Amino acid sequence: MNLSSGEIMHKLQLHGIEQSVYCKIVALVLQLKKLHYQHVETNIFASEEIRDKHSQLHPFKKIPVLTHGDFTLYEVAAITRYIDESFSGRELQPATAKQRAKMTQIISLMDSYAYQPVVWGIYVQCSVSPARGESPDSQIVKLALEEATVCLNVLAEFLAEQPYLTGNELTLADCHVHPMLECLLKCAEGQALLASYPNLKQWQKRMQQLPGGAD
Ligand SMILES: N[C@@H](CCC(=O)N[C@@H](CS)C(=O)NCC(=O)O)C(=O)O
């Protein structure tokens with residue numbers, strides 16, 4: 001922890017949409033650290049005006065953004081590390097360099113290879129679109145299922161001999177993965193995919209029991 005006690009007392013604000021997967025990752029970490037924060041609803045999908053105003057905090061107009069006093073931070077991997085390193089409570093980064101490298105690797109692979117197929121290719125196509133009366137695009141879903149399978153294979157391998165993704169302790173990697181995989185439970189296609197991974201399902205149950213882990 002390298003903040004002064006005065007700095008620690010500054011108000012934490014999470015700007016975004018509560019249902020957003022990336023906002024849920026930060027909210028989970030804040031709750032695991034037992035931190036009080038204010039959610040500032042910022043629906044960037046609602047209007048150009050909101051997006052333009054939000055660009056003062058995030059030049060790429062994405063959510064979430066964390067503000068802590070006059071400190072502003074975007075990019076979830078940076079935000080969760082800042083929270084873990086700035087505040088006492090449950091430590092969410094592993095002790096060894098190898099485990100920390102694995103944690104960073106998992107966070108990066110989820111952003112690079114899992115978010116798009118899992119959230120947009122499967123969840124949005126198979127759950128959100130039908131709820132709006134639209135049919136899923138079967139080509140998009142097929143490709144997304146193939147890409148998501150590679151990610152789930154990798155995650156299941158990490159969990160082969162340990163309860164959490166980087167070892168015996170929960171870390172920021174687990175927090176980054178959990179809200180994304182929860183999306184799969186919201187449609188039959190995602191549930192069918194997860195069904196082939198018993199150790200991932202067990203890990204999911206453990207994650208759901210954490211404060212802030214239930215969807
Ligand atoms: N790399 C960014 C990704 C954030 C992201 O993609 N957020 C989505 C919502 S879950 C978003 O803002 N989408 C709006 C858009 O793409 O215009 C991070 O780590 O914060």
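Guide: We will go through the ligand site and then the domains. This is a predicted model, in which local features need pLDDT of at least 70 and side-chain atom pairs count only at pLDDT 80 or more, while totals for chains, interfaces and linings use all residues. Residues are numbered from 1 along each chain as its sequence is written, and side-chain values use heavy atoms, with hydrogens and water left out.

Visitor: Which residues are around the ligand?

Guide: A residue is near a molecule if one of its heavy atoms lies within 4 Å of it. Here the residues around the ligand include Ser20, Phe45, Arg51, Lys62 and Tyr115.

Visitor: Which polar side-chain atom lies 2.8 Å from a nitrogen atom of the ligand?

Guide: A polar contact is a pair of N or O atoms within 3.5 Å. In this model the side chain of Glu75 supplies that polar atom, and a polar backbone atom of Ile63 is also 2.8 Å from a ligand nitrogen, whereas a backbone N or O atom of Val76 lies 3.0 Å from a ligand oxygen.

Visitor: How much of the accessible area of the ligand does the protein cover?

Guide: Accessible areas come from the Shrake-Rupley method with a 1.4 Å probe. The protein covers 82% of the 510 Å² that the ligand has on its own.

Visitor: How is the chain divided into domains?

Guide: Domain bounds come from an automatic or database domain assignment. Domain 1 spans 5-86 and domain 2 spans 97-208, and their C-alpha centres lie 23 Å apart.

Notes
Polar contact = N/O pair within 3.5 Å; in protein donor to acceptor, adjacent residues only side chain to side chain.
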